[in-house]
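I set down here, entry by entry, what I looked up in this structure. The entries begin with a single residue and then widen to the chain.

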Amino acid sequence: MIVLQDALGEPEHRVLFLIDVVVGTLLHRMGMTGEPMVDDDVDALVEMVLPFFR
């Protein structure tokens, strides 16, 4: 956790929110389709989320 806080320059509660958003999205996709997200979709998710934490 501290490594992510340092890397993103964000407090713990924001890092936990980031984890919730990313993991929740991945679990939702798996639950809805029964398939994991493809690499391109994971990359797109990261590109969408990270700017809010920079």
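**Entry 1**

Contact here means heavy atoms within 4.5 Å.

I noted that the model is predicted: local features need pLDDT of at least 70 and side-chain atom pairs count only at pLDDT 80 or more, while totals for chains, interfaces and linings use all residues. Residues are numbered from 1 along each chain as its sequence is written, and side-chain values use heavy atoms, with hydrogens and water left out.

I then looked up the largest nonpolar core, which has six residues in all: Leu8, Val15, Leu18, Leu45, Val49 and Phe53. Such a core is a set of buried Ala, Val, Leu, Ile, Met, Phe, Trp, Tyr and Cys residues joined through side-chain atoms within 4.5 Å. Buried means under 20% relative accessible area, exposed over 50%, and partly exposed in between (1.4 Å probe, protein chains only). I recorded α2 and α3 as the elements that give two or more residues to this core.

**Entry 1: The chain**

I counted three helices and zero strands in the protein chain, in the order α-α-α along the sequence. Helices (H or I, at least four residues) and strands (E, at least two) are DSSP runs, numbered from the N terminus. The C-alpha trace spans about 35 × 20 × 15 Å along its principal axes. Of the 54 residues, 17% count as buried.

**Entry 2: α2 against α3**

I looked up how helix α2 (residues 12–33) packs with helix α3 (residues 39–49): the angle is about 150° and the axes are 11 Å apart. Axes are lines fitted to C-alpha atoms, for helices over the stretch in contact, and angles run from 0 to 180 degrees between N-to-C directions. The two helices are therefore roughly antiparallel to each other, a term for angles over 145 degrees. On the α2 side I listed Leu18, Val21, Val22, Thr25, Leu26 and Arg29, and on the α3 side Asp41, Val42, Leu45 and Val49, as the residues that make the contact.

I found Gln5 in helix α1 (residues 2–8). Gln5 is buried, with a relative accessible area of 18%. Leaving aside neighbours within four places in sequence, Gln5 is in contact with Glu10, Pro11, Glu12 and Val15.

I placed Met1 in the segment before α1. Met1 counts as partly exposed, at 40% relative accessibility. With neighbours within four places in sequence left aside, Met1 is in contact with Glu12, Val15, Leu16 and Ile19. The C-alpha atoms of Met1 and Ile19 are separated by 9.9 Å, and these residues are 18 apart along the chain.

Note on methods. Parallel < 35°, antiparallel > 145°, perpendicular 65-115°, else oblique.
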